[in-house]
Amino acid sequence: MSDTATKTAPAAEEGTERRLNMIEAINDALDVSMGRDENIVIMGEDVGYFGGVFRCTAGLQQKYGKSRVFDTPISECGIIAAAVGMGAYGLRPVPEIQFADYIYPGLDQLISEAARLRYRSAAEYTAPITVRSPFGGGIFGGQTHSQSPEAIFAHVSGLKTVIPATPYDAKGLLISAIEDNDPVIFFEPKRIYNGPFSGYYDKPVEPWKRFDASVVPEGHYKIPLGKARYAMQGDELTILAYGTMVHVVEAVCREKGVEADIVDLRTIVPVDIETIEESVKKTGRCLIVHEATRTAGFGAELSALVTERCFYHLEAPVERVTGFDTPYPHSLEWAYFPGPIRIGEALDKILSE
Amino acid sequence: MADRPQGTAKAGDNRPKLSLHVPEPKFRPGDAVDFSHIEVPEAGAQPRPDETTDPKDMLDFAHGLIRVLGEDNKAHGPWDPKLDPETLRTMLGHMAMTRAFDERMFRGQRQGKTSFYMKCTGEEATSVSASMALAADDMVFPSYRQQGILIQRGYPMIEMINQIYSNRGDKLKGRQLPIMYSSKEHSFFTISGNLATQTPQAVGWAMASAIKGDSRIAATWVGEGSTAEGDFHSACLFATVYNAPVILNVVNNQWAISSFSGFAGAERATFAARGVGYGIASLRVDGNDPLACYAAEQWAANRARANAGPTLIEFFSYRAEGHSTSDDPSGYRSAQERDEWPLGDPVMRLKNHLIEIGEWDEERQEKMDLEAAEYVKKTTKEAEENGILGHGLHHPFRTMFEDVFEELPWHLKEQAEQAIHERETKFPEGLPNGGKGA
């Protein structure tokens with residue numbers, strides 16, 4: 001995989017490679033997985049005939065039938081619980097929660113049940129389920145269609161949390177998540193479903209097809225969970241990010257001419273501590289960027305890990321750039337979003353110390 | 001808007017004052033108990049609809065009470081499952097064994113052998129008899145008071161006790177609170193301490209069975225108090241939406257720790273009636289009548305297996321003992337309730353029925369009870385060789401970090417090393433018990 005994911009692709013010859021946006025890549029991962037394993041079922045609100053509000057399950061019901069791809073009542077508790085029961089039967093369910101903001105009614109079933117079955121039954125029962133859910137803001141979704149609740153799940157023992165940043169990664173990571181025998185929360189950054197995001201909301205979206213990371217091979221491939229990738233490499237500092245923010249920080253670095261190691265974590269639990277340490281020990285500076293609210297966000301965990309493990313290599317305090325500790329406001333969405341100004345100022349500060 | 005003259009009434013002052021209704025049980029400690037308000041229909045009075053009946057054509061069953069065993073100790077009416085005497089004696093045996101087990105384990109907790117126990121005294125029929133009406137490979141998602149299912153399904157009693165003692169023989173590696181059993185081999189789902197979570201999971205399992213064209217069905221048990229959880233409503237909804245082959249058993253034992261069933265809505269409607277709104281076939285059953293419990297579960301199992309849909313069964317029963325070893329019921333309810341309970345005791349009723357039909361006698365009952373007590377005692381002793389809680393004979397230390405995930409990630413490896421270091425610091429001369437429980 002190219003480590004310059006969002007670099008503009010060289011002019012590709014038509015027909016030699018397949019370019020997909022993230023929605024198509026996710027759809028492809030589901031299709032490939034369902035074709036290989038009859039025990040995979042998909043359920044969720046509007047995922048069946050309609051193919052999902054973001055189209056990620058388009059065509060799958062038609063291809064695999066209503067007993068493998070079906071709509072559900074508007075009951076996240078019921079969706080997750082049914083998936084747990086199906087997993088106990090021997091199926092491998094891939095439920096969709098329409099927006100991450102809607103996942104809370106299903107939390108008890110995720111935290112107390114799915115995440116704990118293996119432990120409490122001494123591995124007699126497991127929950128091999130992958131909960132897909134679009135997350136993050138930047139689409140004028142207001143406070144109930146914009147949240148980034150990854151830290152809640154990172155805090156739960158027994159859950160893995162995966163967040164792809166490119167179509168290529170989305171497919172490979174989703175296939176890994178589905179094949180994993182533990183429950184996985186798979187958050188899809190919906191702002192970058194159609195193209196990477198520079199952080200300048202007033203500029204038109206550049207479609208994925210213009211970028212190398214949209215080259216998605218046919219068929220089955222996996223990207224291991226727990227392995228980060230370098231979205232960009234440089235010596236001045238390390239930036240830890242995931243999802244949409246990978247692209248925003250990359251755009252800011254290019255604009256400012258900063259040579260950064262941008263580590264796209266891809267999986268936050270288990271997090272790739274080796275890559276983090278390797279990079280921070282090389283650069284001596286670490287900026288952490290996420291869209292979620294700041295207090296007790298996953299950045300706090302990353303900051304603690306870097307400080308505990310790389311303190312004597314640090315030449316400046318670890319910095320965090322995050323969303324504010326407010327609900328995601330509708331009209332002031334871009335005032336909340338950790339955009340180029342917040343990131344740029346943090347870069348200036350950390351590089352001046 | 002015009003100013004109001006000083007001293008006049010404020011808007012709404014002439015409306016009646018609202019008042020909050022906080023449910024209160026009829027009897028508190030010391031009260032004389034009179035259960036005459038509970039309607040107990042004649043045994044055999046209820047018709048038995050065909051198993052494929054449309055739920056809207058059997059609404060009365062959510063409000064009546066299906067009973068088979070009458071005051072005369074005879075079986076009456078169309079719900080009589082007409083079990084042969086040998087099966088009845090087996091049922092009685094499982095119920096007596098469950099009761100003997102409860103007695104011994106409760107005492108064990110009081111003797112400090114474990115931290116916690118929960119009896120099912122008075123409710124044995126709701127698990128033993130119901131379970132006998134299912135196939136052995138039908139999947140059950142129990143709550144914490146269905147030990148009778150494991151006993152009926154032949155789960156080795158020593159495994160139950162090992163679990164209760166969290167000892168080195170505990171198959172669950174000492175991770176779960178006592179009585180939170182799990183046995184995949186016996187199609188018995190791992191019990192959660194969180195309430196009602198198992199109900200929509202059972203529906204999911206049943207949906208999976210239907211997706212796969214299997215013939216096995218699922219059954220779940222939940223207390224009436226826990227039907228208040230949203231999960232129970234998700235279970236009802238998913239069950240009806242997908243016509244899932246599942247049985248939702250609600251054991252209404254009147255009490256949720258110290259809260260009477262009124263706090264789950266019993267003052268307004270029966271628990272069986274909850275199924276009506278979802279279009280689920282719903283039966284209200286005398287939960288202290290082992291034959292009625294069997295017959296209702298069998299009806300529901302036939303219905304599910306015929307692809308005719310889910311059933312909600314309310315077993316109307318009474319929790320004769322405390323919620324668990326952690327509460328003293330004399331602090332919140334009248335001690336007379338147990339004796340006055342109008343539906344009697346399930347073990348006595350089945351025993352009297354067998355005697356009535358000439359297939360049993362007091363001597364044999366006495367012998368059976370004695371043998372059950374002896375068996376439990378002997379098995380308890382065997383289990384104690386594996387250790388009791390807190391005496392160091394638990395699972396090897398490293399197992400604490402296993403099964404969080406299929407594979408140990410780096411952060412748990414590091415934490416396991418720290419835990420081992422703490423262990424070695426505490427026991428520099430080696431581990432107690434010769435390291436047997438290390």
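Chain B splits into two domains in the domain assignment: domain 1 covers 55-384 and domain 2 covers 397-435. Their centres, taken over C-alpha atoms, sit 39 Å apart. Keep in mind that this is a predicted model. Chain A also gets two domains, with domain 1 at 22-192 and domain 2 at 226-352. Let's walk through each chain and then look at where they touch.

**Chain A as a whole**

- If you count up the secondary structure of chain A, you get twelve helices and twelve strands.
- A compact globule of 353 residues would have a radius of gyration near 20 Å, and chain A comes out at 19 Å, so the two agree.
- Along the principal axes, the C-alpha atoms of chain A fill a box of roughly 60 × 50 × 40 Å.
- Buried residues make up 59% of the 353 in chain A.
- Take the contacts in chain A with a separation of 6 or more: 78% of them join residues 24 or more positions apart.

**How the two domains of chain A meet**

- The C-alpha centres of domain 1 and domain 2 of chain A are 26 Å apart.
- Between these domains, 24 residues of domain 1 of chain A are in contact with 24 residues of domain 2 of chain A.
- On the domain 1 side, α6 (150-154), β5 (160-162) and α7 (167-179) of chain A each put in at least two residues.
- Sorted by class, that side of domain 1 of chain A has eleven nonpolar, nine polar and four charged residues.

**Where chain B touches chain A**

- Here 35 residues of chain B are in contact with 35 residues of chain A.
- Three helices of chain B, namely α5 (198-211), α6 and α12 (410-426), each supply at least two residues to the side that touches chain A.
- Which helix gives the most to this side of chain B? That's α5(B), with ten residues.
- The side of chain B that touches chain A is made up of 16 nonpolar, twelve polar and seven charged residues.

**One helix pair across the two chains**

- Helix α3 of chain A (residues 76-89) packs against helix α6 of chain B (residues 230-241), with their axes 9 Å apart and an angle of about 75° between them.
- Angles of 65 to 115 degrees count as roughly perpendicular, so α3(A) is roughly perpendicular to α6(B).
- From α3(A), the residues making the contact are Cys77(A), Gly78(A), Ala81(A) and Ala82(A).
- Facing them from α6(B) are Gly230(B), Asp231(B), Ser234(B), Leu237(B) and Phe238(B).
- Put together, the residues of this contact come to five nonpolar, three polar and one charged.

- Is helix α2 (residues 124-132) of chain B enclosed or open? Nine of its nine residues are buried, so α2(B) is largely enclosed by the rest of the structure.
- The buried residues of α2(B) include Glu124(B), Thr126(B), Val128(B) and Met132(B).
- Tyr332(B) has 16 C-beta neighbours inside 10 Å, so it counts as partly exposed.
- Tyr332(B) and Phe260(B) are 72 residues apart along the chain, and their C-alpha atoms are separated by 9.6 Å.

Definitions and conventions: Residues are numbered from 1 along each chain as its sequence is written. Chains are lettered from A and ligands numbered from 1 in the order in which they are written. This is a predicted model: local features need pLDDT of at least 70, side-chain atom pairs count only at pLDDT 80 or more; totals for chains, interfaces and linings use all residues. Domain bounds come from an automatic or database domain assignment. Two residues are in contact if their C-beta atoms, placed from the backbone, lie within 7 Å. Helices (H or I, at least four residues) and strands (E, at least two) are DSSP runs, numbered from the N terminus. Ala, Val, Leu, Ile, Met, Phe, Trp, Tyr, Cys and Pro count as nonpolar, Asp, Glu, Lys and Arg as charged, and the others, Gly among them, as polar. The radius of gyration is taken over C-alpha atoms; the globule rule is 2.2 Å times the number of residues to the power 0.38. A residue is buried if 20 or more other C-beta atoms lie within 10 Å of its own, exposed if 12 or fewer, and partly exposed in between; C-beta atoms are placed from the backbone. Axes are lines fitted to C-alpha atoms, for helices over the stretch in contact, and angles run from 0 to 180 degrees between N-to-C directions. Angles under 35 degrees count as roughly parallel, over 145 as roughly antiparallel, 65 to 115 as roughly perpendicular and the rest as oblique.
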